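Please look at the structure below before reading on.

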Amino acid sequence: MVYRYQDELQVAVRAAQEAGHLIKDKISCHTVTESKSCVSDLVTEVDRQAEEIILQAISSHFPAHSIVGEEQQGDRPLVPADILTWYVDPLDGTTNFVFGLQFCCVSIALAHQGVPVLGVIHDPFRQETYTAVRGGGAKLNGRPFTVDKSVSCMEHSLLVTGYPGNIKKRPRLYQVNLKRVIDSCSNLRALGSAALELAYVACGRLTGFWEVSLRPWDVAAGMVLVEEAGGQVSNLAGQSLYLDEYVDIVASNGLIHQEFLDCLAWKDEGDEG
Ligand code: 2AM
Ligand code: CA
């Protein structure tokens, strides 16, 4: 069977691996150039250089497509357009990178009307490239993989989450029943790269992930990976998740999904910014 988006996949993999070389080379010699939404939301020259590599590759091959990059300056079309849109996170896990913690990645996705259809996540420190095209399954370095279906309840699951990078969004973290989740699962991690955490749920190293107030480029590629690996993705109310300006996400192996949502017991009380 021939799947769609094979040219796009090839370009995205090459660009992610090229940006990955830069990230690996620079982990012990880089400078924090600025912070964005708050003092802990960091940017280095490597984020910008990696994004430049990827945007250049995509725009030269697919000039008609729209591109949303995490580090792009000025206005960007965050709300899903009717055309194909690329979501690029050139360095997901920037705080880990700044501290020399080798858990970060490049994340590139292609979406159609807010639904991601292609995802590439590249971990330059383990030389692991995760790819998925909707309808075509998920692969790690070219070999098919699935979520871990051996875990069917929260009690045996290893979960992961993250704390919103933007301090103003942190109160939203407490709108889930954290105690109930921690007491219900085998254990809970926070590894610092939403994209790589989603890739780990997809390939069965983790059972489930949730995080509030992420941006579309943090999750778009991972959403395709998890779904194509046989897992489930939703918002915190259990509804279909579309890429929007901010996203709250739950992803799992599918078997624990409803029990996971019940434990989270999400109450959306809004936020302050
Ligand atoms: P980043 O490293 O590309 O910034 C960690 O919990 C996750 O949150 C990472 O994927 C991180 O992506 C993301 N993150 C950090 N700051 C953020 C912010 N201000 N808004 C949304 N997501 C953020
Ligand atoms: Ca990110």
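This is a predicted model: local features need pLDDT of at least 70, side-chain atom pairs count only at pLDDT 80 or more; totals for chains, interfaces and linings use all residues.

Q: Why is serine 213 called buried?
A: Serine 213, which lies in strand S12 (residues 208-214), has a relative accessible area of 10%, and because buried means under 20%, the word applies to serine 213.

Q: What makes the pair of serine 213 and arginine 172 a polar contact?
A: The side chains of serine 213 and arginine 172 come to 2.9 Å from each other, and since a polar contact requires N or O atoms within 3.5 Å, the computed value meets that cut-off.

Q: Which residues is serine 213 in contact with, leaving aside its neighbours within four places in sequence?
A: With those neighbours set aside, the residues in contact with serine 213 are Lys169, Arg172, Tyr246, Val247 and Asp248, where contact means heavy atoms within 4.5 Å.

Q: How do you know that S12 takes part in lining the largest pocket?
A: Strand S12 supplies four residues, the largest share of the lining, and among the other elements that each give at least two residues are helix H2 (45-61) and helix H6 (216-228).

Q: What makes up the lining of the largest pocket by class?
A: The pocket, with a volume of about 920 Å³, is lined by 40 residues, which divide into eleven nonpolar, 14 polar and 15 charged residues; Asp41 and Glu70, which are among those nearest the centre, count as charged because Asp and Glu belong to that class.

Note on methods. Residues are numbered from 1 along each chain as its sequence is written. Chains are lettered from A and ligands numbered from 1 in the order in which they are written. Side-chain values use heavy atoms; hydrogens and water are left out. Buried means under 20% relative accessible area, exposed over 50%, partly exposed in between (1.4 Å probe, protein chains only). A polar contact is a pair of N or O atoms within 3.5 Å; within protein, one must be able to donate a hydrogen and the other to accept it, and residues adjacent in sequence count only if both atoms are side-chain atoms. On a 1 Å grid over the protein atoms alone, a cavity is a set of points where a 1.4 Å probe fits but cannot get out, and a pocket is an open set with protein on both sides within 12 Å along at least five of seven lines; lining residues have an atom within 4 Å of a point. Grid points are joined across faces, edges and corners, and a volume is the space filled by probe spheres set on the points.
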